[in-house]
Amino acid sequence: MESKAAVETVEAIGASVSALAVFVDRAVGSVPLNGDEVPRGSSVPGLDPLRDQADAYLDRLAELARTEARLAALKVQLVAGYARTEKAMTPPAASPQDCMVRDMAVTAEVAGVLTISERAAGNLQVEANILTAGRPLTMAALQAGAISWQHARIMVDETENLDPAGAAELEAHFLDPDAPDPARGCPAGELVPCRFRAKVRTWRERHHPGSIEKRHARSSADRRVEYTPDSDGMAWFSAYLPAAQAVGIWNRTTDAARAMQGPGEARTLTQLRADVTSTWLLTAGRRPKAEGNTGSAIDGITDEFGAVPSPAAQALVTVPVFSLLGLTGEPAMLDGYGPIPPSMARALVAGGAASFLRVLTDPRDGAPLEIGHISYRLTKPMRQWLRLRDAKCTFPACNNHSLDNDADHLLAWARGGPTGISNLGQSCPKHHRLKHNSGWTPAAASTNDPPGWTSPAGRHYRSEQPDWEPPHWPPQIQAMLDHLDPPDEGDPCTPEIHGVTERPVAEVPFGNGHEAA
């Protein structure tokens with residue numbers, strides 16, 4: 001009976017897809033070639049056929065995305081069901097070799113039916129078994145079309161090596177709105193997969209039962225440089241490094257490449273990064289050329305020391321104060337990367353390292369304070385806070401790093417918009433231009449929440465918000481607090497209990513207050 005129902009479901013889905021294809025064909029054929037043939041600019045349904053047509057396309061695209069997710073869930077169920085059925089039909093294996101051969105036979109069958117490689121089929125089997133047997137919330141969200149197949153695979157990847165309780169807690173945080181501590185910002189399914197992975201990885205690092213210090217020490221032993229030949233006379237050169245080193249190299253390279261841009265420079269920022277990196281690596285340890293000897297050059301970059309500007313690029317390191325003091329072991333956050341071991345954070349800020357700006361979080365709730373200003377120009381602390389709040393371009397699906405973005409007023413200064421954090425956002429140059437030259441408009445922001453966006457079609461895309469968490473309290477301080485009277489209801493962390501007093505915004509020690517253009 002179940003097999004018959006599955007067949008009928010697949011046939012019904014096929015019929016629905018065919019009907020949708022017919023609708024799309026008819027809709028495309030009905031669009032007038034001359035936009036002046038229909039009335040424009042009306043928001044009343046039926047009075048602007050082109051607008052209605054565009055909205056219909058977007059609605060169908062959204063529904064198609066949900067259908068693809070449901071189809072992926074059905075594929076997962078069928079693959080897992082086939083594997084279970086084959087196992088039930090097969091007598092117990094006489095040896096481990098026999099068991100391995102049978103598994104290979106099942107994988108080969110799945111690969112043949114789906115016309116994919118056996119490696120891809122094997123990965124699909126593993127993911128299907130995990131989803132159907134141990135990730136009920138992820139499976140339910142996929143079946144409902146609330147998340148995509150990419151989101152489901154990320155959940156499988158990031159819960160690897162977590163015990164069942166830890167995996168269930170991670171699932172609930174992102175997929176259960178009734179969880180004790182649900183994720184802030186837009187739902188998981190509204191985040192592009194790369195941003196969803198970043199948020200899941202951050203939460204996993206914070207709550208992993210294993211010490212991040214031990215895991216980092218183990219992984220650091222695997223650091224290496226890799227070289228892979230490619231086509232067209234090109235090759236890939238990559239390095240697996242501790243996060244602080246990798247972020248520092250990336251930021252310094254970007255800063256040097258930016259310093260070389262100008263009216264006479266035809267190379268893109270991406271090309272300049274590659275040329276700067278090549279020059280630095282190929283000339284490290286060489287003596288400068290004798291005066292008058294220009295030496296060789298690579299696209300205008302000489303191999304002499306000092307030929308490429310290399311100012312130190314600044315990275316933000318957000319450290320819970322107790323972790324900085326060594327009283328707790330919770331991770332710090334490195335801008336452009338994510339969670340890092342507290343020992344790495346302490347090393348970065350020891351002695352006020354010039355390339356890393358320390359950001360201490362409030363021991364009560366984990367979030368810094370807003371810094372306002374009364375002029376058009378932004379101070380350095382405000383720019384640093386924008387980087388801390390937004391981390392990347394705020395436009396939907398954009399992953400451009402904060403160092404490459406522009407600080408911009410959400411409500412224009414000329415129209416009365418203040419120069420405060422709640423009226424500022426950072427967009428990459430591409431989406432900054434889009435804001436000023438199209439119907440895309442940013443929505444409101446706040447001290448801790450980046451702005452969302454509204455499209456020309458009137459669709460609102462919610463902002464991705466950072467998952468601030470209250471820092472861990474050292475056991476000795478927590479034990480002392482447990483002996484005190486409980487705080488007033490609705491104020492679980494009063495200054496009197498925790499020994500922390502509120503400070504006015506003007507006293508927050510962010511940077512030196514110098515203005516930046």
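Start with a pair of residues: Pro 442 has Trp 453 in β13 as its bridge partner. The model is a predicted one, in which local features need pLDDT of at least 70 and side-chain atom pairs count only at pLDDT 80 or more, while totals for chains, interfaces and linings use all residues. Residues are numbered from 1 along each chain as its sequence is written, and side-chain values rest on heavy atoms, with hydrogens and water left out.

Back to the strands. β12 and β13 (residues 453-454) run antiparallel and are joined by two bridges, and two strands count as paired if DSSP finds at least two bridges between them. They belong to an open sheet of three strands in the order β12-β13-β14, with antiparallel pairing. The edges are taken by β12 (441-442) and β14 (460-461); each has a single partner strand, so one side of each is left without a neighbour in the sheet.

A cavity is a set of points, on a 1 Å grid over the protein atoms alone, where a 1.4 Å probe fits but cannot get out; a pocket is an open set with protein on both sides within 12 Å along at least five of seven lines, and lining residues have an atom within 4 Å of a point. Volumes are the space filled by probe spheres set on the points, with grid points joined across faces, edges and corners. At least two lining residues come from each of β10 (406-409) and β11 (424-427), and β11 gives the most, with three. By type, the lining has four nonpolar, five polar and two charged residues.

What about disulfides? The count comes to zero, where a disulfide is a pair of cysteine sulfur atoms within 2.5 Å. For Cys 428, the closest cysteine sulfur is in Cys 393, and at 3.8 Å that is too far for a bond. Cys 393 is buried, at a relative accessible area of 0%, and Cys 428 is buried too, at 5%. Buried means under 20% relative accessible area, exposed over 50%, and partly exposed in between (1.4 Å probe, protein chains only).

On to the open spaces. The second largest pocket takes in about 1,200 Å³. It is lined by 29 residues, and Phe 237, Ser 238, Ala 239, Trp 250 and Thr 277 are the closest to its centre. Two or more lining residues come from each of β1 (224-229), β2 (235-240), α10 (243-260) and α11 (269-283). The lining divides into 17 nonpolar, eight polar and four charged residues.

Two of those elements, β1 and β2, pair in the antiparallel sense over six bridges. Ala 239 in β2 sits opposite Val 225. The hairpin of β1 and β2 has five residues between the strands, and in it Asp 232 takes a positive phi near 60°. As for α11, its 15 residues reach 21 Å from first C-alpha to last, close to the 21 Å expected at 1.5 Å a residue; the expected span is 1.5 Å times one less than the number of residues. Its buried residues are Leu 269, Leu 272, Arg 273, Asp 275, Val 276, Thr 279 and Thr 283.

Finally, some loop residues. Thr 115, between α3 (96-114) and α4 (118-134), has a positive phi of about 55° although it is not a glycine, and is exposed at 70% relative accessibility. Asn 161, in the loop between α6 (149-158) and α7 (164-175), is not a glycine but has a positive phi of about 70°; Asn 161 is exposed at 65% relative accessibility. Asp 335, in the loop between β6 (332-334) and β7 (338-340), is buried at 9%. Asp 335 and Val 317 lie 18 residues apart in sequence and 6.3 Å apart in space, C-alpha to C-alpha.

Methods:
Helix = DSSP H or I, 4+ residues; strand = E, 2+ residues; numbered from the N terminus. Nonpolar A, V, L, I, M, F, W, Y, C, P; charged D, E, K, R; others polar.
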